[in-house]
There are 2 protein chains.
Amino acid sequence: MIKAVVFDAYGTLYDIQSVAAVTEEAFPGYGDIITQIWRIKQLEYTWLRSLMMRYEDFSTITRDSLTYTLRVLGLEHDSGVFERIMDKYLHLELYQDAMSALGAMRNRKLAILSNGSSAMLDALVRNSGLNRVLDATISVDTRKMFKPAPDAYSLIEAVIGVAPAEVLFISSNPWDVCGAKAFGLNVAWIERVMPEAIALACVNSELVSPLTMFKAIRTQMDELGLEPDYRIHALTELPALVAAHES
Amino acid sequence: MIKAVVFDAYGTLYDIQSVAAVTEEAFPGYGDIITQIWRIKQLEYTWLRSLMMRYEDFSTITRDSLTYTLRVLGLEHDSGVFERIMDKYLHLELYQDAMSALGAMRNRKLAILSNGSSAMLDALVRNSGLNRVLDATISVDTRKMFKPAPDAYSLIEAVIGVAPAEVLFISSNPWDVCGAKAFGLNVAWIERVMPEAIALACVNSELVSPLTMFKAIRTQMDELGLEPDYRIHALTELPALVAAHES
């Protein structure tokens, strides 16, 4: 029995690449590469700070990784530009399939479990209207430890009172899928980028594109000895999947 | 007083890019990109497995990350090719400045502290002749936790009996520099790639090169709120630096 459906936020419900329009406007020609480096350093910093026991919240990490990105690319900027890009993180676009999928599962508890700070998530959920369908928005911030640490996933039961075996967790991030499986949740991996498309691009000698490579190292299932229970390509597949899981 | 000089192995004493000749021979045109993706996933897996509490040793992680890399790039291969590439990891080339620098500091304790498994490190140190100058080769394997976790760095005192304040630790890896500083060691960062060169390459619109970008995200100092005590460009600077530190 699936009593709760819990979503990762960044890259799963919200399209973090929607930042690229703002970064492209600020730095013409660099929009996509900024978002790719920014994202990879943002993730690295969550893992490194967790391991170093030097936790800072996701808002600080997001700022620091943007600072790093602009420095590496040699892009000079004033604070106005920096803040305009940062602000976009509070107004990310929902993936088109998100609202209808959540609306169709309101007979379950619905929640977000995210690395985001409470302030970032509250703004994001309110700005996108998801607050109308979610029962809880859970930030790892109370544990001072980022996913994929078990402490982060244990917040689901602590906050909404549903045991891991009765939770379906959905993420587009392979490392998050593995972390959730290692913890004992039921897990659906949503493949936001088709792996076949990436492999094809590589084989077709588009090796020169750094964007293709960045996507390749972030969007294919990792070799961590863990596999998702389900693989989906749109959130709209979830209501049927939840029903099938129970039959 | 610096009583011990302790080195990271991969990328600091040993040139991991020396694998590229073997990967290029096995997969013409893909040599460099394989080594870059392989390295970034290798690091990711050490951090992710540490956080997930699913430790496997560095040998397993190195195999898994190579498997991932060849899969992502769509490169078919037989086990002979795979093993030939893996074997190179036991025969990495020493950086040219390593042996003479270590030889000049034999009045201190000299050691390696590495994520590598004991078997990998022993083979590497023996094959390169470093066993003649090192007092200890320390693997994090006994702690089942990778750098930059404090447990990994605490092995230095546990094994060679020198307190953190009397240790100079050297690494080319920015995240390793930050981890060592967070733990309380004296730290020298060796910049194996000149950041000016990377910034210049980016500014000169070599943005199309994925190699430039991969190097950029691995070789510049991270924004983790920590800084090395010293920045050097060759290991041969170390003997004078150790002497100056004490005066």
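How many nonpolar, polar and charged residues does the lining of the second largest pocket have? In this predicted model, that lining has 6 nonpolar, 6 polar and 6 charged residues. The volume of the second largest pocket is about 240 Å³, and of the 18 residues that line it, Tyr95(A), Arg192(A), Val193(A), Arg218(A) and Thr219(A) are the closest to its centre. Two or more lining residues come from each of α2 (31–52), β7 and α11 (210–219) of chain A, with α11(A) giving the most, 3 residues. At least three residues of this lining are drawn from each of domain 1 (4–15 + 91–243) and domain 2 (17–90) of chain A.

The largest pocket, with about 290 Å³ of space, is lined by 17 residues, and those nearest its centre are Tyr95(B), Arg192(B), Val193(B), Arg218(B) and Thr219(B). Its lining divides into 5 nonpolar, 6 polar and 6 charged residues, and α11(B) gives the most to it, with 3 residues. Because domain 1 (4–15 + 91–243) and domain 2 (17–90) of chain B both give residues to the lining, the largest pocket lies between them.

Within chain A, β6 (residues 167–171) and β7 (residues 186–190) pair in the parallel sense over 4 bridges, with Ile170(A) standing opposite Ala188(A) in β7(A).

Technical notes:
Residues numbered from 1 in each chain as written. Chains lettered and ligands numbered in written order. Predicted model: local features only at pLDDT ≥ 70, side-chain atom pairs only at ≥ 80, totals over all residues. Heavy atoms only, no water. Pairing = 2+ DSSP bridges. 1 Å grid on protein atoms, 1.4 Å probe; cavity = no way out; pocket = protein on both sides within 12 Å on 5 of 7 lines; lining within 4 Å. Points joined across faces, edges and corners; volume = space filled by probe spheres on them. Nonpolar A, V, L, I, M, F, W, Y, C, P; charged D, E, K, R; others polar. Domains from an automatic or database assignment.
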